[in-house]
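Here is a short note for a colleague opening this entry for the first time. Please keep the structure in view while reading the points.

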Amino acid sequence: MPDLFSTIIGSPVARRVGVPQPTRLRRFDPELPLCDSPVLVAGNGHYAASLVDWLDSHGITTLRELPSAATASDGSAEPARLGGFVLDLSEARDPGDLDVLRVIGAPALKSLARNARVVVIGTDPTTLSEVAHVATQRALEGAVRSIAKELRRGATANLVLAQESSSEGVRSAVEFLLSGRSAYVDGQVIRVNDRTGSNPDSARPLARKVAVVTGAARGIGAEIARVMARDGATVVAVDVPAAGDALAAVANEIRGTALQVDVTAADAGSRIVEHAVTRHGAIDIVVHNAGITRDKLLANMDESRWGSVMAVNLRSILQMNEAILGAGGMPDGGRIVCVASIAGIAGNRGQTNYGASKAGVIGIVDALSAQLASRGITVNAVAPGFIETEMTARVPFATREIGRRMNSLQQGGTPIDVAETIAWLAQPGSAAVTGQVVRVCGQSLLGA
Ligand code: NAI
């Protein structure tokens, strides 16, 4: 959605005078390989060797060390360009072990291709007890978030924290982070546990799954519905009756079904379960995306602004989950993904109601993920940053430009970036990821 400002800074004149240009991000394309340049897999942790085997079996060229220089076809020496750099530091236990970040990391970062991915693997410090071990692993978070801020040209850096024997979870997270699906996920820490799960069909990871997406008539919700359908799911698209035409258009486009229901209605959850089960036989995945803003400084906040935001963004999820998780609802192994916001992490002026509701959503993820672990149901959230939608197009010019540029990727994200992350969390292969809030924000300085 280019506006006047984006058109001006992208103009030939602006380029000639050196105005910084955001890099066109590499996004997921089912026709393209996971990564089209070699991936350097370094470090001596638990996971490096099996990741090399896995990448090799998927036709990705892997390197165990960085060649000093590759010889270009014209005979001149030029550094080899890396599509990815995976550094396994899961066994680092002493601060001295972190020097590997510098020794291997420095030349590797200089060799990254445009849109490359840096993925560091560590051990979840909460599973360790020795103070020095915890300190060493905790240090990785600061290192990786800083690396992400140093990278340019669309490259990202993220940290995967594993527990002992989290092999499948690590593989799933590394696959996501190397792929175009994670284009706008930067500077994040994703924890994986030791649950096992895999995608029976890697080309269509959501095949034979029934997914309910609320707020699916437009914006991010419509894109979530499209991406999930592309990945094989049968989608129930839910939105308010007033959005009925747009909702029907989305449902028809993706060969799903439309359900007109206001998520704040007392019977919304039971109607969703009834529709999904009678029409499609199950309810495997629920994406709580419907949300509204009614911004006002708290000093001027009226009851209706406060109440409506709380009702749609927070209370409705609590209410719907009761029916969805009750008898005849979601079976074991299901997936719940909520849409929070970085406003729920950092707060935002004029958004006390919205920030509270979205922080509450994170609370749901914390508590419910623990409660449902024994049923193998995962509960996660994404927290979008500045995403180019109708909602953000209405934000006043100056605020909009600050939101759009103040992140490490120097641009806004797109609804598809949020949708890809949600679709990954919904995969059977993401069984090891629960209780997480993944920010899809290009490492926004807000809430950093
Ligand atoms: P949007 O306003 O374009 O779409 C929201 C959809 O939810 C609409 O189709 C609307 O009809 C539906 N909806 C609203 N109230 C409903 C209700 N009571 N029952 C059923 N459906 C209802 O918003 P957008 O931008 O697509 O946002 C989607 C989600 O992402 C929201 O939860 C929002 O808070 C969140 N978000 C968006 C960000 C952005 O930059 N656009 C940033 C952070 C979070």
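1. Start with how the elements are named. Helices (at least four residues) and strands (at least two) are DSSP runs, numbered from the N terminus. Keep in mind throughout that the model is predicted.

2. Arg 255 deserves a look at its backbone. Its phi is positive, about 55°, although Arg 255 is not a glycine. Is Arg 255 buried or exposed? Arg 255 is exposed, because its relative accessible area is 78% and the cut-off for exposed is over 50%.

3. Arg 153 also has a positive phi of about 55° and is not a glycine. Look for Arg 153 in the loop between H6 and S7. Arg 153 has a relative accessible area of 38%, so it is partly exposed.

4. Now the elements on either side of that loop. Thr 136 sits in helix H6 (residues 131-150). A polar atom of the Thr 136 side chain lies 2.7 Å from the backbone oxygen of Ala 132. Thr 136 counts as buried, at 1% relative accessibility.

5. Strand S7 (residues 156-162) contains Asn 158. Asn 158 counts as buried because its relative accessibility is 1%. Which backbone atoms does the side chain of Asn 158 meet? One is the backbone oxygen of Val 185, at 3.1 Å. Another is the backbone nitrogen of Gly 187, which lies 3.2 Å from a polar atom of the Asn 158 side chain.

6. Next, the rings. How many aromatic pairs does the structure hold? It holds 1. Phe 176 and Trp 424 form this pair, with 4.3 Å centre to centre and 5° between the planes, and the pair is stacked. Phe 176 belongs to helix H7 (residues 167-178) and Trp 424 to helix H16 (residues 415-425). The two are 248 residues apart, so the pair links distant parts of the chain. Phe 176 is buried, with a relative accessible area of 1%. Trp 424 is buried too, with a relative accessible area of 1%.

7. Arg 181 lies over the face of Phe 28, 4.2 Å from the ring centre.

8. Turn to the ligand. There are 26 residues around the ligand, and those that come nearest are Arg 218, Ile 220, Asp 239, Asn 289 and Tyr 354. By class, this shell has 14 nonpolar, 8 polar and 4 charged residues. Helix H8 (219-230), helix H13 (352-372) and helix H14 (390-393) each supply at least two residues of the shell.

9. A polar side-chain atom of Lys 358 is 2.8 Å from a ligand oxygen atom. For Gly 385, a backbone N or O atom lies 3.3 Å from an oxygen atom of the ligand. In Thr 389, an N or O atom of the side chain is 3.1 Å from a nitrogen atom of the ligand. The ligand taken alone exposes 830 Å², and the protein buries 93% of that.

10. Ala 265 is in the loop between strand S11 (257-260) and helix H10 (268-280). At 25% relative accessibility, Ala 265 counts as partly exposed. Its C-alpha atom is separated by 16 Å from that of Asn 289, which is 24 residues away along the chain. Asn 289 is among the residues that come nearest the ligand.

Notes:
Residues numbered from 1 in each chain as written. Predicted model: local features only at pLDDT ≥ 70, side-chain atom pairs only at ≥ 80, totals over all residues. Heavy atoms only, no water. Phe/Tyr/Trp six-rings, centres within 6.5 Å; stacked < 30°, edge-to-face > 60°. Buried < 20%, exposed > 50% of the residue type's maximum accessible area, 1.4 Å probe, protein only. Lys NZ or Arg CZ within 6 Å of the ring centre and 35° of its normal. Near = heavy atom within 4 Å. Polar contact = N/O pair within 3.5 Å; in protein donor to acceptor, adjacent residues only side chain to side chain. Areas by Shrake-Rupley, 256 points an atom, 1.4 Å probe, with all protein chains shown as cover. Nonpolar A, V, L, I, M, F, W, Y, C, P; charged D, E, K, R; others polar.
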